[in-house]
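Subject: Structure for you to look at

Hello,

Here is the structure I said I would pass on. Please open it before reading my notes below.

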Amino acid sequence: MRKKIIAGNWKMNFSVNEAENFVTEILGSINTNEVDVVICPNFTALDRISNLLEGTNIKLGSQNVYYENKGAFTGEISPSMLYSIGVEYCIVGHSERRQIFNETDEMVNLKAKKLLEIGIKPIICVGETLEQRNEKRMFDVVEDQVKNSLKDISKEDMKNVVIAYEPIWAIGTGVTATSEEAEDMCKFIRNVVKGIYSEDISNNLKVQYGGSVNAKNANEILNMPNIDGALVGGASLKNEFTAIVNY
């Protein structure tokens, strides 16, 4: 049985003090016995939240990273910097990064490899637009994203990779893929990984669903056989996050 992993992506929200107050408020309510829990604050709050999570089973995640460890890259944050403050997971390739900041599969791949090299687990996001779904191209689009993002990642390193299926049309819209739609794509992703690597690696891969996950739909989504967790956006900024974790 694959242990579920639920990650909260705070995006560009909360001041450092607000972040500290929120985590302090929910810390005692989160049950980490059944699921792995990851909190992904903004960069300014990472260090403070790292100190708060010390001694708990809740993991610290970052929302982004650059694919070099140091150098003249103004405004960027390196994997080694994240590792030095206790970051264990990092989201790469979120659709907002792809759409707003023009990140490509190749950039996502470079980030994932650099994270694995330093000892941080990448959460690789993939997903189609509404137009691509309406044109019935969603499986082709996601297959390309998966294959390109995993290029040259070893079988050994795949033990530390998480893939998050986030249909772009369901992110921040209040529209959620049906549990059947989410399950179909997560199963498809697992089969793509099986084709690249092996059945064993595919069976052990954790595939999350993300896209307007909330306390009302979490139970149905998370009980699908090929969905191993959730990447939670807006609901991770509220006490609702604890209800999702404790589904």
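This is a predicted model: local features need pLDDT of at least 70, side-chain atom pairs count only at pLDDT 80 or more; totals for chains, interfaces and linings use all residues.

Helix 5 covers residues 105–118. At 1.5 Å a residue, its 14 residues should span 20 Å, and the end C-alpha atoms are 20 Å apart, so the two values agree. Its buried residues are Asp105, Val108, Asn109, Lys111, Ala112, Lys114, Leu115 and Leu116. These pack against helix 3 (79–84), strand 4 (89–92), helix 4 (95–100), strand 5 (121–126) and helix 7 (138–149). Just past the end of helix 5, Gly119 has a positive phi of about 105°.

On charges, side chains of opposite charge can pair when their charged atoms come close. The structure has 17 salt bridges. Among them are these:

- Arg98 and Asp105 pair with 2.5 Å from N to O. Arg98 is buried at 14% relative accessible area, and Asp105 is buried too, at 12%.
- Arg97 pairs with Glu103, with 3.0 Å between the closest N and O atoms. Arg97 is partly exposed at 21%, whereas Glu103 is buried at 6%.
- Lys114 pairs with Glu117, with 3.5 Å between the closest N and O atoms. Both residues belong to helix 5 and sit three residues apart, about one turn of the helix. An α-helix has 3.6 residues a turn, so residues three or four places apart point the same way. Lys114 is one of the buried residues of the helix, while Glu117 is exposed at 58%.

Elsewhere, Arg2, Arg190 and Asp228 are joined in a network of salt bridges.

Regards

How values were computed
Residues are numbered from 1 along each chain as its sequence is written. Side-chain values use heavy atoms; hydrogens and water are left out. Helices (H or I, at least four residues) and strands (E, at least two) are DSSP runs, numbered from the N terminus. The expected span of a helix is 1.5 Å times one less than its number of residues. Buried means under 20% relative accessible area, exposed over 50%, partly exposed in between (1.4 Å probe, protein chains only). Contact means heavy atoms within 4.5 Å. A salt bridge is a side-chain nitrogen of Lys or Arg within 4 Å of a carboxyl oxygen of Asp or Glu.
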